[in-house]
Amino acid sequence: MWARQVPFRLHAPQARRVFVCGSFTHWRCVALHRTRHGVFRGRLAVAPGLYEYGFRVDGHWRLGRHAPRVRDGLGGHDDLLVVGR
């Protein structure tokens with residue numbers, strides 16, 4: 001299957017470090033890069049499928065504002081990512 005370049009973005013002007021973590025990387029966290037305006041960005045190659053993810057902001061779990069949410073099975077929630085073919 002062909003992977004698609006998926007953009008990840010989180011506005012966190014007070015944050016020092018932001019990572020995206022998800023089932024598409026087997027929950028390995030990937031650092032995002034800070035812009036001058038406090039937005040953290042990055043792109044990852046993700047194969048088509050359905051995935052759960054979130055952001056690690058200065059050591060704390062945080063969800064994005066625009067993605068649908070799903071229960072994580074541990075009493076919390078994750079963002080949902082759908083990557084089409």
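Trainee: How many disulfides does the count come to?

Mentor: A disulfide is a pair of cysteine sulfur atoms within 2.5 Å. By this rule the count is 1 disulfide. Before we continue, please note that this is a predicted model, in which local features need pLDDT of at least 70 and side-chain atom pairs count only at pLDDT 80 or more, while totals for chains, interfaces and linings use all residues. Residues are numbered from 1 along each chain as its sequence is written, and side-chain values use heavy atoms, with hydrogens and water left out.

Trainee: Which residues does the disulfide join?

Mentor: Cys21 is joined to Cys29, with 2.1 Å from S to S. The link of Cys21 and Cys29 is right-handed, with 110 degrees about the S-S bond.

Trainee: Is Cys21 buried or exposed?

Mentor: Buried means under 20% relative accessible area, exposed over 50%, and partly exposed in between, with a 1.4 Å probe and protein chains only. Cys21 counts as buried because its relative accessibility is 2%. Cys29, at 33% relative accessibility, counts as partly exposed.

Trainee: How many aromatic pairs does the structure hold?

Mentor: Rings of Phe, Tyr and Trp (its six-membered ring) pair if their centres lie within 6.5 Å; planes under 30 degrees apart count as stacked, over 60 as edge-to-face and the rest as tilted. The structure holds 6 aromatic pairs. One of them is the edge-to-face pair of Phe24 and Tyr51, with 5.8 Å centre to centre and 80 degrees between the planes. This pair links distant parts of the chain, 27 residues apart: Phe24 is in the loop between strand 2 (18–22) and strand 3 (30–31), and Tyr51 is in strand 6 (residues 49–57). Strands (E, at least two residues) are DSSP runs, numbered from the N terminus. Both Phe24 and Tyr51 are buried.

Phe24 also forms a tilted aromatic pair with Tyr53, at 6.2 Å centre to centre and 50 degrees between the planes. Tyr53 is buried, with a relative accessible area of 9%. Phe8, Phe24, Tyr51, Tyr53 and Phe55 form one aromatic cluster.

Trainee: Where does His26 lie, and is His26 buried or exposed?

Mentor: His26 lies in the loop between strand 2 and strand 3. His26 is exposed because its relative accessible area is 73%.

Trainee: Which contacts does the side chain of Asp79 make?

Mentor: A polar contact is a pair of N or O atoms within 3.5 Å; within protein, one must be able to donate a hydrogen and the other to accept it, and residues adjacent in sequence count only if both atoms are side-chain atoms. A polar atom of the Asp79 side chain lies 2.7 Å from the backbone nitrogen of Gly64. The side chains of Asp79 and Arg69 are joined by a polar contact of 3.3 Å. Asp79 itself is in strand 9 and is buried, with a relative accessible area of 0%.

How values were computed. Helices (H or I, at least four residues) and strands (E, at least two) are DSSP runs, numbered from the N terminus.
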